[in-house]
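Open the model in your viewer and keep the sequence panel beside it. Each stop below gives a selection and tells you what to look for.

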Amino acid sequence: MHYKTAAALAIATAPFIQAESASSPRPAVAPPAGSPWGVAYDKAKVALAKLSLQDKVGIVTGVGWNKGPCVGNTSPVSKIGYPQLCLQDGPLGVRFSTGSTAFTPGVQAASTWDLNLIRQRGQFIGEEVKGSGIHVTLGPVAGPLGKTPQGGRNWEGFSPDPYLTGLAMAETISAIQATGVQATAKHYILNEQELNRESVSSNPDDRTLHELYAWPFADAVHANVASVMCSYNKVNTTWACEDQYTLQTVLKDQLGFPGYVMTDWNAQHSTVKSAVSGLDMSMPGTDFNGGSIFWGSALTNAVNSNQVPTSRVDDMVTRILAAWYLAGQDASGFPSFSLSRNVQANHKSNVRAIARDGIVLLKNDANILPLKKPASIAVVGSAAVLGAHANNSNSCSDKGCNNGALGMGWGSGSVNYPYFVAPYDAINTRATSQGARVTLSNTDNASSGASAASGKDVAIVFITADSGEGYITVEGNAGDRNDLNAWHNGNALVQAVAGANSNVIVVVHSVGAIILEQILALPQVKAVVWAGLPSQESGNALVDILWGDVSPSGKLVYTIAKNPSDYNTRVVSGGSDSFSEGLFIDYKHFDDAKITPRYEFGFGLSYTKFDYSGLSVTSNARSGPATGPVVPGGPSDLFDNVATITVNVRNSGQVTGAEVAQLYLTYPSSAPRTPPKQLRGFAKLNLTAGQSGTATFNIRKRDLSYWDVNSQKWVVPSGSFGISVGASSRDIRLTGSLSVS
């Protein structure tokens with residue numbers, strides 16, 4: 001039975017505060033003089049004074065679907081040296097390019113828990129975007145956050161934990177924009193499923209909105225993100241791209257966002273209401289048939305008839321121009337646009353590192369891994385070889401198929417592979433170099449797989465689960481997954497191989513959680529390798545782990561349940577989603593409902609062992625509301641470090657490895673009802689055998705705060721915060737407390 005959490009009944013369920021009248025829009029407050037945004041605003045205001053209304057409308061309105069070189073384009077204004085702005089997907093690199101890298105999806109990057117790799121990924125994406133002559137890249141993704149395991153686009157983002165997603169967003173954005181490219185935080189907000197995504201109304205309470213779904217966007221704004229993309233869905237019955245509460249009150253007022261809000265493609269529904277509610281750019285300017293032009297001449301007429309104040313249009317243009325100046329794109333020498341220019345450099349090194357370090361070892365009975373020079377290996381499953389999904393011709397449009405090896409989901413967030421190293425090819429190369437014999441069954445036929453596995457020292461079986469954007473249906477899955485099973489009868493394939501071989505290793509390439517119970521019930525399955533979405537370096541990264549070149553160090557960024565009913569969220573089929581689970585999604589729900597997962601959030605095995613000791617806490621935290629002036633991201637004092645927690649971690653095993661030490665906080669009883677544990681810190685330590693290191697967790701005021709719906713402020717509660725540090729959300733090694741008066 002679907003579990004109905006009482007969480008939403010216990011936490012504050014105040015509706016959104018009513019927005020001010022749409023007739024009184026508020027222009028942006030000028031950023032501090034001398035700050036990056038302040039300098040950009042000064043330049044933008046000088047340029048604004050030179051523009052006619054026609055110029056301004058051209059800057060805020062896309063030229064139309066398929067009417068420019070990029071997926072989104074605006075009109076140039078030569079008098080201020082402003083080009084035709086080029087906007088292009090997406091979160092994995094340059095969409096439609098034949099000369100760029102296919103970077104790993106966000107969920108794989110997050111699974112490394114390595115901010116250095118995540119930052120480098122952002123830098124390399126930015127370099128390739130700029131090298132292709134693109135001004136604005138449509139990524140990274142904080143929405144969907146991933147509250148529903150079946151959600152089709154979860155893989156584009158990082159994790160259903162807003163803290164982890166927020167840090168990944170900030171690192172990615174900072175690195176992209178340091179290259180001179182404008183980043184876009186999307187999809188704002190509450191866009192959590194593909195089914196009815198253009199009509200469903202997301203209706204959370206105000207606290208849930210702030211503490212879960214707006215949280216990572218605050219990190220994005222604090223990282224000076226240039227633009228935010230509003231989403232297709234409705235928010236409390238109002239279209240997200242004309243919802244004044246989330247666009248103006250939350251994003252621009254509370255979070256102090258100085259940049260511009262663009263629509264998702266064809267997510268605009270009005271001329272006047274969207275303009276006065278906080279929208280700044282219409283993309284692509286028409287619908288997908290060239291009609292429904294809500295701005296352009298319609299916006300000009302609305303201004304001339306006093307339905308939209310000139311000051312609102314000036315604010316739109318100032319924000320857009322300021323973002324252009326912020327990225328330094330007014331400087332000469334910006335490359336010309338090209339989707340065929342080779343901009344890959346050495347960026348495949350980051351793909352391989354993230355694909356490898358994002359692999360999560362879930363099971364390793366009798367230490368079957370790393371492999372110890374087996375003489376014979378069976379490789380089983382269609383997902384082990386190249387198919388339409390991954391072949392070099394990229395014949396599967398927008399990756400809308402699940403034929404062959406899986407490296408990313410499908411939709412506008414996908415990119416072309418410049419090449420793809422299939423798992424079988426890499427395994428065969430490594431194994432044969434050691435004199436082993438490899439037998440391949442490249443189908444999902446159970447009897448064929450069993451035959452290949454019979455008599456071999458080890459059998460490696462590949463299974464997948466895929467999802468993507470709702471405009472493509474793949475094998476009956478219209479974006480969202482229909483269920484949490486492996487595709488292509490993966491369970492039956494593993495069962496057949498297990499009937500023929502007693503040393504079975506299952507490799508899972510999946511967009512998110514699948515139910516593994518049938519597979520884990522088989523004693524012949526000695527290891528489960530959760531290889532996620534590894535993109536173009538798939539086979540190389542897997543071989544690095546299977547043969548022990550590198551010890552696995554990935555950790556789960558979502559919870560894998562024993563039963564689908566253990567999750568308290570699902571894709572809704574009606575016209576609205578009440579978000580009745582409130583704050584209690586993923587591991588927060590499992591902890592609160594006292595449900596034992598199969599593999600908990602933060603879980604991951606290693607080829608070595610780690611010991612924890614010496615928890616130390618220093619703090620000057622004080623209770624009360626945030627009172628600092630609003631800067632990009634929110635009140636300035638929210639980002640002050642108010643406590644430091646350290647622990648010692650020692651590699652007590654025999655090989656070099658990396659451990660992700662995780663810090664979870666439990667709020668005091670003086671706070672409104674809150675999840676039992678919330679991630680508020682992590683540190684990845686690379687340690688040789690016998691080496692010790694210190695994991696340091698810097699706690700911001702924000703990390704101790706909850707959103708008070710009555711005062712509309714972030715508040716640090718008084719009392720004792722529980723501290724839990726360990727190797728996962730449930731493998732807690734050290735506990736302590738942090739007192740706040």
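A hairpin joins β27 to β28 through five residues. Strand β27 (residues 719–726) and strand β28 (residues 732–740) pair in the antiparallel sense over eight bridges. Helices (H or I, at least four residues) and strands (E, at least two) are DSSP runs, numbered from the N terminus. Two strands pair if DSSP finds at least two bridges between them. Pick Gly726, and you will find Ile732 of β28 opposite.

Before moving on, note that this is a predicted model: local features need pLDDT of at least 70, side-chain atom pairs count only at pLDDT 80 or more, and totals for chains, interfaces and linings use all residues. Residues are numbered from 1 along each chain as its sequence is written, and side-chain values use heavy atoms, with hydrogens and water left out.

Leu663 stands opposite Val725 of β27.

**The domains**

Colour by domain. The assignment gives domain 1 (36–327), domain 2 (359–586) and domain 3 (608–740). Such bounds come from an automatic or database domain assignment.

The contact takes 52 residues from domain 1 and 53 residues from domain 2, where contact means heavy atoms within 4.5 Å. Between them, domain 1 and domain 2 bury about 4100 Å², with 55% of it on carbon and sulfur atoms. Buried area is the accessible area (1.4 Å probe) that two parts lose on being put together, summed over both.

Which residues of domain 1 lose the most area to domain 2? Select Lys147, Gln150 and Trp155; together they make up 18% of what that side buries.

**Salt bridges**

Five salt bridges are counted between domain 1 and domain 2. A salt bridge is a side-chain nitrogen of Lys or Arg within 4 Å of a carboxyl oxygen of Asp or Glu. The structure holds 32 salt bridges. Show Arg95 and Asp398: their side chains meet in a salt bridge at 2.7 Å, N to O.

Next, select Arg153 and Glu156. They form a salt bridge, and the closest N and O atoms are 2.6 Å apart. Arg153 is buried, with a relative accessible area of 2%. Glu156 is buried too, with a relative accessible area of 2%. Buried means under 20% relative accessible area, exposed over 50%, partly exposed in between (1.4 Å probe, protein chains only).

Go to Asp219 and Arg702. Their side chains meet in a salt bridge (2.9 Å, N to O). The pair links distant parts of the chain, 483 residues apart: Asp219 is in helix α8 (residues 215–222), and Arg702 is in the loop between β24 (692–700) and β25 (706–708). Both Asp219 and Arg702 are buried.

Then pick Asp549 and Arg430. Here the salt bridge is 2.7 Å, N to O. Are these two residues buried or partly exposed? Asp549 is partly exposed at 43% relative accessibility, and Arg430 is partly exposed at 21%.

**Met169**

Select residues 162–178. This is helix α6, and Met169 sits in it. Met169 counts as buried, at 0% relative accessibility. Show what Met169 touches: Pro140, Val141, Ala142, Phe158, Ala185, Pro216 and Ala220, not counting residues up to four places away in sequence.

**Helix α12**

Select residues 310–326. The 17 residues of helix α12 should span 24 Å at 1.5 Å a residue, and its end C-alpha atoms are 24 Å apart, which agrees. The expected span is 1.5 Å times one less than the number of residues. Of the 17 residues, 14 are buried, so α12 is largely enclosed by the rest of the structure. Just after α12, check Gly328: its phi is positive, about 70 degrees.

**Last stop: a mixed sheet**

Show β8, β7, β5 and β16. These four strands form an open sheet in the order β8-β7-β5-β16, with mixed pairing. β8 (238–239) and β16 stand at the edges with a single partner strand each, so one side of each is left without a neighbour in the sheet. Strand β5 (residues 201–202) and β16 pair in the parallel sense over two bridges. Finish on Ser202, which stands opposite Asp577 of β16.
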